[in-house]
Structures are given as structure tokens and as C-alpha cells.
Amino acid sequence: MKVGVSNLRVKYAGAETLLFNKLSLHIKEGEKVLFLGPSGCGKSTLLQILSGLIPNAVPVPMKADEVAIPESSGVVFQDPDSQFCMPYVDEEIAFVLENCAVPQTEMKSFIHHYLMKVGLNFEDPHVEISSLSQGMKQRLAIASMLALEPEVIFLDEPTALLDPEGTSEVWKTIKQLNAKQTMIIVEHKIDEVIHFVDRIVLFDSEGKIIADADPESVFSFYKPKLKEYGIWYPGVWTDHKQDENLPAPYEKGQQLMSISQLQGYRGKSSKIEVSDVTAYEGEWIAVTGKNGAGKSSFLLSLMNVMKTSGTKRVRDKVLKTIKASREQLAFVFQNPEFQFITNSVYDELVYSLEMLEDKGVEKVRNWLEAYDLYHVKDLHPYQLSTGQKRRLSVGTAMFGTQPVLLLDEPTFGQDASNTFKLLALFEELRTEGMLIIMVTHDEMIVHNYATREWVIQEGKLIEDRKRERREKGERHAMDFTV
């Protein structure tokens with residue numbers, strides 16, 4: 001056994017039940033194994049146990065008859081910010097190389113080599129990590145992991161925030177590693193990995209293993225279970241389109257939002273430039289573009305979190321301050337932890353109601369139950385999985401009456417079931433007249449839901465496309481089969 005556990009039992013503080021109860025799993029040298037299951041089932045926790053992070057670095061109560069941990073391992077987390085040690089790009093990789101006893105005279109070439117491997121092209125890599133987009137940070141985290149030359153690689157949704165091109169580049173790099181490299185992968189974007197992995201370990205919502213077999217067998221014989229637990233599988237979008245009935249497109253209503261000569265600044269360099277553009281009630285605008293193009297900065301500039309010039313109006317009200325923006329725009333950050341200010345999931349939603357002087361706590365219970373968060377209502381938000389954090393962060397923005405909803409990658413880290421629930425919610429709001437502006441890399445969302453697409457490149461809005469809704473059951477190249 002290269003990596004594994006026998007009779008594993010895990011219980012988070014505050015949780016009512018065991019996350020794992022007598023779970024056993026063994027992985028051989030050279031195997032590529034994909035953990036697949038619904039959001040919150042414990043995939044990331046198990047990955048951290050097998051890597052030795054739990055309980056050695058993260059004190060989570062656990063017991064096991066046996067735990068086999070590799071002598072050297074590299075881990076890429078869902079949230080890249082959680083694993084950086086240094087403030088600059090070159091220093092981050094140099095820190096890894098220094099711990100591997102690489103001579104200082106050789107570091108420059110190694111830094112360049114690993115950055116190029118993940119598609120990060122810097123004229124000078126002495127760049128502040130805090131200035132990078134989340135997608136670029138994720139590439140840097142992968143480069144730092146590769147610099148370790150680890151015995152076993154643990155990948156926890158390594159491309160969650162990458163654009164399609166970046167996703168393909170990163171997986172191409174990973175696939176070119178030594179064929180004998182042992183890998184354990186948690187990933188929702190399965191199209192890049194299903195033909196690469198040897199095994200799929202399939203979990204149910206309670207963290208129990210319901211299948212452990214090759215990909216073809218899992219997707220062929222366990223499709224009913226995949227559907228039951230809302231797990232991504234080949235053809236899921238086709239089934240979704242056949243099962244649902246989208247409301248008819250909202251007839252374009254009144255002008256709701258206008259942007260004139262917007263420029264968003266960070267420091268001395270301009271990050272966003274948008275000339276005159278208008279948006280209307282009942283539109284779903286997908287904001288697309290490569291990582292680092294300025295999509296998140298665009299939303300932040302609308303919220304006045306970034307220093308801006310130009311004019312932004314909603315219902316003829318000029319948005320000059322953060323307060324003015326908050327009154328008209330509901331906002332969901334790309335990093336859900338930026339929105340949490342209380343010590344429990346339940347209190348986080350209650351606080352949102354109190355800010356609106358709304359005493360209808362039944363709304364809180366309804367949200368928790370609808371989006372599979374009721375069983376973790378007493379946990380601290382930071383204890384949740386990435387998908388659970390994302391659903392909670394969306395919930396904190398849903399109780400207001402703002403006419404515009406800004407969403408920055410709201411579906412990353414989500415299983416299929418909760419992705420489609422959120423999309424159904426956004427579609428319902430859109431048909432009621434709300435304007436939705438969503439940053440996304442998911443081409444299926446753009447093709448199936450967006451009524452309009454704003455393409456951003458190098459901080460500029462370069463294209464404004466009107467999109468036609470796809471017909472029910474129509475396929476798309478990304479809707480793959482095995």
C-alpha cells in the first residue's frame with residue numbers, strides 16, 4: 001500500500017455525526033485516483049488525511065487502525081491563498097527550492113521553468129501575489145507544488161478558477177509527469193480527467209464509498225447513483241436540459257443600469273476601462289475572458305471597492321460610494337470567505353436579515369434546507385467545504401431587494417445538483433426582472449443561460465454579444481461521453 005487508511009473515523013467539532021465511519025481505502029504506487037461525490041461529503045478532508053495534513057497540521061479529531069502517509073507529497077488546495085508563504089511570485093517558488101536544497105545560482109532558471117509549465121509568463125516574476133487574479137494564483141500554487149518533485153501529488157480542484165484554456169494547459173502539464181507518479185484528485189470538472197485516471201472512488205452524501213472501479217464501470221453501472229446524489233457525470237447537461245423547462249426569455253424591460261467612461265484603478269495603473277454600455281431588466285449577462293483579464297476587477301469597480309472614475313447609474317441613481325453601490329447591487333465575492341463575519345452558518349444568514357430589519361427567520365431555514373446546509377448550520381463557515389461556503393455566500397446576498405445581482409464565479413466547487421439549483425434560482429430572479437451580471441468560465445452556463453455576454457480582455461470590454469438561448473436537449477462540444 002502506497003497511501004491509505006483502515007477503519008477511519010472522523011468528526012468535526014460541532015458536527016452531529018461522524019464524517020467518516022470505519023472507512024478503508026488503499027492506493028497503490030503509480031495509481032491515478034479520482035474522488036467523486038457531492039459537495040460536503042468529505043473528499044477534501046480525506047485528501048488532507050492521506051497527505052498527513054490532518055491531524056498533524058490541522059487538528060481534526062480522527063481515529064484509524066492504520067494510516068499510510070507518503071514520505072514526500074505535494075498538495076494543491078481549492079483556495080490558493082491558503083498555501084502561500086511569501087509575498088512575491090518568485091519568492092514563493094524560491095522558498096520551495098530553498099527547502100529542497102537547490103543552490104541559489106540555479107534558482108532563477110528553475111523559477112522560470114516551473115512558471116512556464118503552468119502558463120505564467122512574467123517578464124519579471126518579482127510580482128506581488130496579491131495583485132494576481134484568483135486563477136493566476138491557482139497556477140502559481142500548482143507551480144510551487146511541482147517544484148517539490150513530490151512522491152505523491154494531491155490535487156484538490158486544482159483548476160476550479162481557471163479559464164478553459166488554462167484548465168487544459170494545467171492538466172496537459174500534469175499528464176506529462178512521470179507515468180509512475182501517484183496522484184489523488186478531487187475535481188468537479190471531470191472532462192479533463194476521466195480518461196486520465198485509473199480509478200474513481202465514488203462517495204455518497206454521508207461520506208460512504210458506494211463504488212470503487214475504473215471510470216467506464218462507474219459511469220456505466222452507477223449512473224442512477226450519480227443522478228441521485230447530484231454528482232457530475234458525462235452527459236449531465238444533456239439530461240438537465242431534457243428534464244427542465246426554462247421559462248420563456250423575459251421581454252427586455254426598461255433600462256436599469258448604465259456605465260459611462262468607467263475606469264477602475266489599483267495603484268497607478270488602470271485595470272478596467274469601459275465605454276458607454278447599458279443593461280436592462282431581465283438580462284443575464286455573462287462576463288467572460290481569460291484569467292487576469294480583469295473580470296473580477298470589473299465587478300469590484302461597480303461596487304466602488306476599487307477606486308473609479310466615470311459614471312455608474314442604477315435606476316438613474318449615481319453610484320459614487322460603496323454604500324450607494326450596496327443599496328442597488330447585491331454582490332457575491334469570488335472568495336466566499338470575504339463575506340463571512342459571524343461564527344456559524346445560521347448566524348451568517350440571520351445577520352443578513354437583521355441588516356434589512358427583516359425578522360422572517362423562516363427564510364433562513366428555507367435556504368439552509370433548499371441548498372443542503374441545514375445539517376451544518378451550527379458549524380463555523382470556515383469549516384465548510386468550498387461548495388458549501390459558496391452556497392452560503394450566495395445566500396447572504398439573496399435576502400435584499402437590490403435590482404442588480406453581481407456574481408463572481410458562483411458555481412465553482414459545486415456538485416451538479418447544487419449548481420443547477422443555483423442556476424434555477426438565478427433564472428427565476430431574472431424572469432422577475434432582476435439584472436444578473438455573472439463572471440464565469442463555465443461555457444455551458446454561458447450557452448444555456450446567458451442572454452448576453454460581455455467579453456473582457458486586458459482590462460477592457462471588447463465585445464458585447466447578444467446570445468440566443470439553446471434549444472432544449474441541444475448538445476454542446478463540452479458535453480462529452482465516455
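Buried denotes a relative accessible area under 20%, exposed one over 50%, and partly exposed the range in between (1.4 Å probe, protein chains only). The model shown is predicted: local features need pLDDT of at least 70, side-chain atom pairs count only at pLDDT 80 or more, and totals for chains, interfaces and linings use all residues. Residues are numbered from 1 along each chain as its sequence is written, and side-chain values use heavy atoms, with hydrogens and water left out.

**View 1. Glutamate 157 and aspartate 163 in the loop between strand 7 and helix 6**. Helices (H or I, at least four residues) and strands (E, at least two) are DSSP runs, numbered from the N terminus. Glutamate 157 has a relative accessible area of 4% and is therefore buried. Its phi is near 50°, a positive value in a residue other than glycine. Beyond its neighbours within four places in sequence, aspartate 163 is in contact (heavy atoms within 4.5 Å) with Arg139, Gly289, Lys290, Asn291 and His441.

View 2. Strand 3 (residues 32-36) and strand 8 (residues 182-186) are parallel and share 4 bridges, with valine 33 opposite isoleucine 184 in strand 8.

**View 3. Strand 18 and its partners, strand 17 and strand 19**. Strand 18 (residues 404-408) is largely enclosed by the rest of the structure, because 5 of its 5 residues are buried. Val404, Leu406 and Asp408 point one way, Leu405 and Leu407 the other, and all are buried. In a regular strand the side chains alternate between the two faces of the sheet. Strand 17 (residues 329-332) runs parallel to strand 18 and is joined to it by 4 bridges, leucine 329 having valine 404 as its bridge partner. Strand 19 (residues 435-439) pairs with strand 18 in the parallel sense over 5 bridges; here the partner of valine 404 is leucine 435.

**View 4. Methionine 86 in the loop between strand 6 and helix 3**. Methionine 86 is partly exposed, with a relative accessible area of 29%. Not counting residues up to four places away in sequence, methionine 86 touches Glu91, Glu92, Phe95 and Ile129. Its C-alpha atom is separated by 42 Å from that of glutamate 216, 130 residues apart along the chain.

**View 5. Backbone geometry at proline 55 and asparagine 7**. The peptide bond from isoleucine 54 to proline 55 is cis, with omega near 5°, and proline 55 belongs to helix 2 (residues 53-56). Asparagine 7, in strand 1 (residues 3-10), has a positive phi near 50° although it is a residue other than glycine. At 27% relative accessibility, asparagine 7 counts as partly exposed.

Terms used
Pairing = 2+ DSSP bridges.
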